[in-house]
Amino acid sequence: MDQFVIGVDYGTDSVRSVVVNAADGKEVASSVFNYPRWQQGMYCDAAHNRFRQHPLDYVEGLEQTIKDCIAKAGPLVASSVKAISVDTTGSTPVAVNKAGAPLALTPGFENNPNAMFVLWKDHTGVKEAGEINDHAAKFDINYLQYVGGIYSSEWFWAKLLHILRADEKVRKACYTWVEHCDWIPFLLTGGTKADDIRRGRCSAGHKAIWSEAFGGYPPDDWFSSLDPLLKGYAANLPKETYTSDTSAGTLSAEWAQRLGLPAGVIVGVGAFDAHMGAVGGQIEPYHLSKVMGTSTCDMLVAPKADFKDKLVKGICGQVDGSVIPGMIGLEAGQSAFGDTYAWFRKLLEWPLQFIDDKELREKVSAQIIPELSRQAAALPLDEDAELAIDWLNGRRTPDADQLLKGAINGLSLGSDAPRVFRALAEATCFGAKAIVERFESEGVPVKGLIGIGGVAKKSPYIMQMMADVMQMPIRIHQFEHTCALGAAMFAATAAGVYTNVEAAMAAMGGGFDKEYFPDQSKASLYQKRYQRYLELGKYIEQETNK
């Protein structure tokens with residue numbers, strides 16, 4: 001008999017759910033929900049790098065997308081759903097009370113941004129991240145060794161410390177700090193005690209300084225000696241974490257009724273979108289899976305026997321079991337990728353606000369990036385053309401530094417929109433190349449590239465440039481919602497349909513529908529341009545850190 005699973009993928013702008021057949025990974029139904037409060041720009045202040053999301057956006061999106069999928073799939077499919085798994089952006093944590101409820105869902109905190117989920121790209125904790133890095137250097141044990149040696153403002157503890165310092169009301173009401181990917185399974189299983197939340201290996205290992213080598217998290221006095229406000233938080237976190245091929249429990253009676261699903265549906269342990277997306281995109285050892293959306297997350301897996309005592313500097317962590325249980329999962333990425341192109345589009349859209357015709361505004365907006373790509377592709381390659389740096393939202397890797405800014409160099413009166421767009425696109429590809437070079441310089445070979453996500457599917461221009469800059473082919477996975485498919489694969493494994501994630505990938509993957517091959521005639525010019533990119537970046541870094 002057919003068995004079906006549901007994968008839920010929480011992105012930056014929307015949540016998407018898919019129902020797939022666990023036998024072959026074929027999509028039965030899908031649904032997308034755009035966060036209404038986020039779309040209105042509520043609770044955010046981009047000028048101060050504050051990006052918050054209301055838990056109601058998440059809860060409403062969860063219910064609406066799954067119910068929509070079930071309505072499309074029909075009652076026979078609904079009755080045969082075996083499991084649900086969820087991936088989310090991260091690190092995107094929230095303050096919760098003892099019952100495990102996000103404070104923004106409790107009286108008095110409904111409109112307080114500090115009581116909401118602190119989105120991955122929120123950089124309000126830059127100062128706190130710097131303090132964590134300075135503090136770590138004082139100890140004999142390097143507790144940052146498994147997160148690339150540098151703690152980022154995008155991560156768990158920097159965000160918690162910032163919120164505790166910034167908001168006394170939230171500080172007094174906060175019992176613990178929970179990742180989005182850990183909270184949704186808790187919600188679906190009807191959790192009523194924060195202490196019962198199952199913390200995923202993925203989120204804890206890559207963002208919260210958890211490691212088996214430490215027996216869990218750093219000791220509580222490591223945190224309290226940094227700031228007494230952190231006292232008790234690490235001590236209250238469970239030492240055990242769970243890989244995402246395991247169950248977090250079963251769907252509660254309330255949520256089964258709300259979603260129109262049978263009782264007993266397994267809910268898998270959650271993980272970050274890029275980690276499950278890499279599985280959905282059929283990651284292979286030493287092939288870099290690039291999840292390309294607003295930012296990029298670059299995932300690589302390697303057999304444990306290959307690593308032993310190896311530590312890769314300047315990345316977002318290396319964790320046993322974070323991507324594929326039984327292997328070492330490594331993460332890197334860029335803080336702005338699609339966001340870079342979106343920023344430029346918004347810059348060009350500025351005059352559209354004076355046009356009353358909404359339909360016309362939307363029509364023009366939709367044509368900007370495709371037309372820029374077409375005209376940029378037609379430009380002749382020029383070693384001395386405009387050059388950009390892609391750090392518009394800071395630098396994630398190599399070597400996290402969220403204080404860094406983007407730049408465009410070499411502008412002249414001949415610099416038009418397609419030329420500037422080309423420089424920005426090139427910069428994002430150069431940033432990707434810097435990540436590959438860091439892996440390789442640290443003794444981790446990159447044998448190939450796998451592209452998934454919106455940019456990979458929708459922008460042939462960027463993908464061809466990526467292949468040309470990297471001088472490496474890049475395969476594009478066929479599934480539209482690859483992260484959600486990865487979540488569905490984990491759901492199938494957690495439900496026991498497959499014995500391990502590798503078996504689920506093999507059966508449910510579906511393969512690749514496009515491959516971009518490098519143009520070797522462009523290798524020399526792009527290498528020269530890349531060296532200039534590195535030099536300009538070094539100058540910006542020196543000026544920023546004076």
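Reader: How many bridges join strand 19 to strand 20, and which way do these strands run?

Author: Two strands pair if DSSP finds at least two bridges between them, and strands (E, at least two residues) and helices (H or I, at least four) are DSSP runs numbered from the N terminus. Here strand 19 (residues 474-477) is joined to strand 20 by four bridges, and the two run antiparallel; Ile 474, for instance, has Tyr 516 in strand 20 as its bridge partner. This is a predicted model, in which local features need pLDDT of at least 70 and side-chain atom pairs pLDDT 80 or more, while totals for chains, interfaces and linings use all residues. Residues are numbered from 1 along each chain as its sequence is written, and side-chain values use heavy atoms, leaving out hydrogens and water.

Reader: What is the strand order of the open sheet?

Author: The order of its seven strands is 14-15-13-12-18-19-20, with mixed pairing, and the edge strands, each pairing on one side only, are strand 14 (318-320) and strand 20 (512-516).

Reader: At what angle do helix 2 and helix 7 pack?

Author: Axes are lines fitted to C-alpha atoms, for helices over the stretch in contact, and angles run from 0 to 180 degrees between N-to-C directions. Helix 2 (residues 55-73) and helix 7 (residues 180-188) pack at about 55°, with axes 12 Å apart. That makes helix 2 oblique to helix 7, since angles under 35 degrees count as roughly parallel, over 145 as roughly antiparallel, 65 to 115 as roughly perpendicular and the rest as oblique.
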